[in-house]
Amino acid sequence: MHPRRPLQTARLPIVGGEREAGYPAVGALVQQPGDQYQGSFCTGTLIAPRFVLTAAHCLNGRRADQTWFFLGDDAVPRAGGQRPPGRFVPVAALRAHPGFRLGSPIGVYDVAVVELAEAVEDVAPLPLRRGDVAALRGQALTYVGFGVDDGGAQRGGGLKRRADLTLADLGASLYVSFADARSVCYGDSGGPGLGAGADGALEVVGVNSSVFGEAPCGGGSIQVRVDAFASWIDAAIGGAPACGCACEAACGADGVCDPLACGDGDGCRLLVECLSACNNAGCSVRCFEDATGPARGRYEAVVACGSERCAGVADQGACLAERCPDPWGACLADLPPGADDCATLLGCLGGCRDRACSLDCYAAGSAEARAQYDGLAACVAMECAEFA
């Protein structure tokens, strides 16, 4: 068994999108060290007069005194590194979610707030979606960003574009959108997914985090659910955090919810088995979010070590065992007493593609697990035959 990166992610213009001059609260995060204006690197949304919502990975390696929030629709550098027409608001501070870890296979906690040095009083901020995002499953959301419109050549960035994408699948703190001639891409990171609220007004539903697929920006994208992080965002912009968390473990000392602390799964090995059974991005997101924090941390350590020491090696399992014995061994051994239950057996069977593998999984299960599975299989055969 070997870990498989659940998504081949690439940090996020909108491919196939339309040029857009509206949505004034959506701007570009741009960089200018010294006199040389370098253009946009991410997108952000004004959510309060002095605060911009974006993705945490956008802030990695950035300095507040070299970062500006651009309001306009064309952030492309002019000849000689000059600024384009538009409004440039200086940045006072960069605040990424403390739980974000650069290099995570899936960008959990990939949300951040940028504090501006001066208030933007003449542009109406966009409110956060605070109702459950699950009600929007299957609906089209509007995405606005300054990313490239050619993922392969990485050209066309710095211009504001818009596209509608369907919210396809949902996790505890993330959701998935699939590409269909249109997709978010490099430079759209941090930009908003916008949907209508109860009163019909636009709300920020999600924040662009990453893209996946064989072709650049051709598979789909992952967005951070704003409703899951509303408490942290409120605290980050100086509001009073209100902890209405899904479980007691999720409520931090500062009252800010950690939406991934209520995981149903346990153990790095179970996480690997769950991911191995997946064949789509939504499944991978749910596996990762259902695991506990320590399990995700051990899995991320395995992925990081494998990326460094086993890149290009055909037999990843053997390579990990030889070159990454500490994280890989700890991950495989992370199976608590009694965890070889029916759920574990199902996870193993879900990763099989032939009868021999299935028999091996069944034999490895405990007697109690096999008995539970037999009962489940009998029930499925009797009650579910009519369903496709």
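# Exercises on a predicted structure

Tyr-23 counts as partly exposed, because its relative accessibility is 24%. The cut-offs behind this word are as follows: buried is under 20% relative accessible area, exposed is over 50%, and partly exposed lies in between (1.4 Å probe, protein chains only). The model is predicted, so local features need pLDDT of at least 70 and side-chain atom pairs count only at pLDDT 80 or more, while totals for chains, interfaces and linings use all residues. Residues are numbered from 1 along each chain as its sequence is written, and side-chain values use heavy atoms, with hydrogens and water left out.

**Exercise 1.** Decide whether Thr-45 is buried or exposed, and list what Thr-45 touches.

Solution. 
- Step 1: Find Thr-45 in strand E4, which covers residues 39–48.
- Step 2: The relative accessibility of Thr-45 is 1%, so Thr-45 counts as buried.
- Step 3: Leaving aside residues up to four places away in sequence, the residues that Thr-45 touches include Ala-25, Val-26, Phe-51, Leu-126 and Pro-192. A contact here means heavy atoms within 4.5 Å.

**Exercise 2.** Which strands close into the barrel, and in what order?

Solution. 
- Step 1: Six strands take part, in the order E3-E4-E5-E8-E7-E6, and their pairing is antiparallel. Two strands pair if DSSP finds at least two bridges between them.
- Step 2: On average, neighbouring strands of this sheet are turned by 45° against each other, with direction ignored.
- Step 3: Val-113 in E8 is the bridge partner of Leu-53.

**Exercise 3.** Name the residues that touch the most other members of the largest nonpolar core.

Solution. 
- Step 1: Look at Phe-69: among its contacts, not counting residues up to four places away in sequence, are Ala-25, Leu-46, Val-52, Phe-88 and Leu-116.
- Step 2: Another core lies apart from the largest one; it has 14 residues, including Leu-136, Tyr-143, Val-184 and Val-205.

**Exercise 4.** How many disulfides does a search of the whole structure find?

Solution. 
- Step 1: The search finds four. A disulfide is a pair of cysteine sulfur atoms within 2.5 Å.
- Step 2: One of them joins Cys-42 and Cys-58, with sulfur atoms 2.1 Å apart. Cys-42 sits in strand E4 and Cys-58 in the loop between strand E5 (51–54) and strand E6 (67–71), 16 residues apart. Both Cys-42 and Cys-58 are buried.
- Step 3: Cys-268 and Cys-331 form another, with sulfur atoms 2.0 Å apart. Their S-S torsion is about -85°, so this disulfide is left-handed. Cys-268 lies in helix H2 (residues 268–276) and Cys-331 in helix H6 (residues 325–333), 63 residues apart.
- Step 4: Cys-310 is also joined to Cys-319, S to S 2.1 Å. Cys-310 is buried at a relative accessible area of 1%, and Cys-319 is buried at 4%.

**Exercise 5.** Describe how the axes of H4 and H5 cross, then do the task for H2 and H3.

Solution. 
- Step 1: The axes of helix H4 (residues 293–309) and helix H5 (residues 316–323) come within 10 Å and cross at roughly 100°. H4 is therefore roughly perpendicular to H5.
- Step 2: The axes of H2 and helix H3 (residues 281–290) come within 9 Å and cross at roughly 170°. H2 is therefore roughly antiparallel to H3. Leu-271, Cys-274 and Leu-275 of H2 make the contact with Ser-284, Cys-287 and Phe-288 of H3.
- Step 3: Check the terms: axes are lines fitted to C-alpha atoms, for helices over the stretch in contact, and angles run from 0 to 180 degrees between N-to-C directions. Under 35 degrees is roughly parallel, over 145 roughly antiparallel, 65 to 115 roughly perpendicular, and the rest oblique.

Conventions:
A nonpolar core is a set of buried Ala, Val, Leu, Ile, Met, Phe, Trp, Tyr and Cys residues joined through side-chain atoms within 4.5 Å. Helices (H or I, at least four residues) and strands (E, at least two) are DSSP runs, numbered from the N terminus.
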